[in-house]
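Please examine the model displayed below. A series of questions and answers on its architecture and local geometry accompanies it.

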Amino acid sequence: MIDPGNSTTSTGDTGPAGHSLRTASGATTPLTVGVEEEFLLVDDRTLRVVPAAPRVLATAAGLPQQLHPEGTRYQVEISTPVADSAITLREELAALRRTLAAAAREHGCRLLAAPSPVVAVEGPLHLTDDEPRQREQHRRFGALTDTLVSCGRHIHIGTLDVDTAVAVSNRVRPWLPTLIALAANSPFWGGRDTGHASWRAMAWAGWPSAGPPPHFPSTAHFRRSVQTLLGSGAALDTKMVYWDLRPSGNWPTLEIRAPDMSPDIDTAVLQAELGRALVSSALRDIAEQRPERPIRDEVLRLARWRAAHDGLEGFGLDPYTGAELPAADLAEALLDLVAPDLAAAGDLDHAARTLGGLLRDGSGAARQRAAFARRQDLTDVLRHLVEETEKA
C-alpha cells in the first residue's frame, strides 16, 4: 500500500467543530465547506435532456443564492450555504435536491445527477442567457464546447487567503487522481461505453485550461500562470481556469473541481469530508514546516488518466513513485492519511463507512454498467440514475 507519509498526529489549534485551523501564516480560522452540484434535466418519458432550466428555476424561485443556471439550458446548479459540519452539509444538499426535483416534475422533467446525458444530445446546444460569452467560446474552441453538457461537483474549503490556498494546493494535488477514482461515474457518453470509468475527466481535460494544476512555487507564479492562460487565448477569462484544483476566483476558498457528479448524497459528503481533511492536514504540515514530498508532473498526469480509466475497481498509480497499485489501496491510503483530521471533525465514522460501501457495492461507474448489463439498454442506466438521484 502507498505510504501516506508522516502525517498521523494532529497538533495545532482546533475549532468548535474540531477542524485544524492553523494557516501558513500561523493565524487561525475555522475550516468550512460548501458544495456546488450540477444536474441535468431529462424528459420524464424519454429520459433525454430537455432545455427546461429557465422554467424549472422560475418554479423553484425563492432560493436565489442556492439555485442557478449552468452552461446550457439542460442544466441547473445548486450551491449550498457555507457549512461547519458534514451533517449540516448533507441536510442542505438533500433539501436543495428535493426542491429542484419537485420543480422539475412540475414541468414533466426529472433531475439527473450524472456527469453526462449518457445518450447523445440531439440538435444544436441550447445555451444559457449568457449567450455572447458562450458563443465566443464556441467560436474559439469549436467542438470542445460539446463537453459543456456535463456535470461535476465543486467543493469549496475555506476560509483561506490566496497565499494559503496556493500553498495548500501544492500539497493536495497528489491526491486528485484518487478523488477522481472515488467519484468516477461517467462510463457512458454519446450512447456508448467509453471504456473509462470517468469519461468526463478525460473529455474535460481537452480544454487547454483544464487538468491537474501546476505546482506553484509562489502566489506570484500562480498569478502569472493564470495570466499566461488568458494571454495565450486558452481562456476567455478567469472563469475558464478549469484546473482540477484552484484558489477560487469568487470566494476565499480552495476549490476542488475534479470529481464527477454522482447521484448518492453520501458520496458527495465523502468527497467534501476528504477534501476538507486534506486541507487541514496540509495546513498543519505548512505550519510545522514539513517539506513537501516531491511529485513529477508527468506522473500526476498519468495517475489522473489511470484513475479516470479504471475508477475504483481497477488500478491506479502512486502519485509519488508512479508504482501501479489497486485503486482501493490508494483510497484506503488517503483515508489513513487524513484519519486524524476526519476524527477531529467528527467525520471519520461516516467517511470510513461510505468508503467501505463504495468498495463493497462498486463505484457509480460500476453500478451504471451493472444496470446496463441486465438488458443492454441505456434507458435502464438513465432510470437507475434518476432513481438514485431522487432518493434524497
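The questions below concern a predicted model, and they proceed from the overall fold to single residues.

Q: What percentage of the contacts between residues at least 6 apart in sequence join residues at least 24 apart?
A: The protein has 13 helices and 13 strands, and buried residues make up 57% of its 392 residues. Among contacts between residues at least 6 apart in sequence, the share that joins residues at least 24 apart is 75%.

Q: Which residues does Val279 touch, not counting residues up to four places away in sequence?
A: Val279 is one of the residues that touch the most other members of the largest nonpolar core. With residues up to four places away in sequence left out, the residues touched by Val279 are Leu31, Ile157, Leu160, Val168, Val172 and Leu254.

Q: Is Thr267 buried or exposed?
A: Thr267 belongs to helix H8. Leaving aside neighbours within four places in sequence, Thr267 is in contact with Leu182, Ser262, Thr354 and Leu358. Its relative accessible area is 3%, and the cut-off for burial is under 20%, so Thr267 is buried.

Q: How much space lies in the largest cavity?
A: A probe the size of a water molecule, rolled over the atoms, shows where empty space is left. The structure holds four cavities of 30 Å³ or more. The space in the largest cavity is about 80 Å³.

Q: Which residues lie nearest the centre of the largest cavity?
A: Helix H5 (176–183), helix H9 (297–310), strand S12 (315–317) and helix H10 (327–345) each supply at least two residues of the lining. By class, this lining has ten nonpolar, three polar and one charged residues. Of the 14 lining residues, those nearest the centre are Pro177, Thr178, Ala307, Gly316 and Leu330.

Q: Is Val118 buried or exposed?
A: Most residues other than glycine have a negative phi. Val118 has a positive phi of about 75° although it is not a glycine, and it lies in the loop between strand S4 (109–112) and helix H3 (131–141). Its relative accessible area is 1%, so Val118 is buried.

Q: Is Gln289 buried or exposed?
A: Gln289 is not a glycine, yet its phi is positive, at about 55°. Gln289 is found in the loop between H8 and H9. With a relative accessible area of 71%, against a cut-off of over 50%, Gln289 is exposed.

Q: What distance separates the C-alpha atoms of Glu106 and Val56?
A: Glu106 is in helix H2 (residues 86–106) and is exposed, with a relative accessible area of 60%. Glu106 and Val56 are 50 residues apart along the chain, and their C-alpha atoms are separated by 7.9 Å.

Q: How far apart in space are Gly71 and His126, C-alpha to C-alpha?
A: Gly71 is in the loop between strand S2 (67–69) and strand S3 (75–79). Gly71 is buried, with a relative accessible area of 10%. Gly71 and His126 are 55 residues apart in sequence, and their C-alpha separation is 9.1 Å.

Definitions and conventions:
Residues are numbered from 1 along each chain as its sequence is written. This is a predicted model: local features need pLDDT of at least 70, side-chain atom pairs count only at pLDDT 80 or more; totals for chains, interfaces and linings use all residues. Side-chain values use heavy atoms; hydrogens and water are left out. On a 1 Å grid over the protein atoms alone, a cavity is a set of points where a 1.4 Å probe fits but cannot get out, and a pocket is an open set with protein on both sides within 12 Å along at least five of seven lines; lining residues have an atom within 4 Å of a point. Grid points are joined across faces, edges and corners, and a volume is the space filled by probe spheres set on the points. Helices (H or I, at least four residues) and strands (E, at least two) are DSSP runs, numbered from the N terminus. Ala, Val, Leu, Ile, Met, Phe, Trp, Tyr, Cys and Pro count as nonpolar, Asp, Glu, Lys and Arg as charged, and the others, Gly among them, as polar. A nonpolar core is a set of buried Ala, Val, Leu, Ile, Met, Phe, Trp, Tyr and Cys residues joined through side-chain atoms within 4.5 Å. Buried means under 20% relative accessible area, exposed over 50%, partly exposed in between (1.4 Å probe, protein chains only). Contact means heavy atoms within 4.5 Å.
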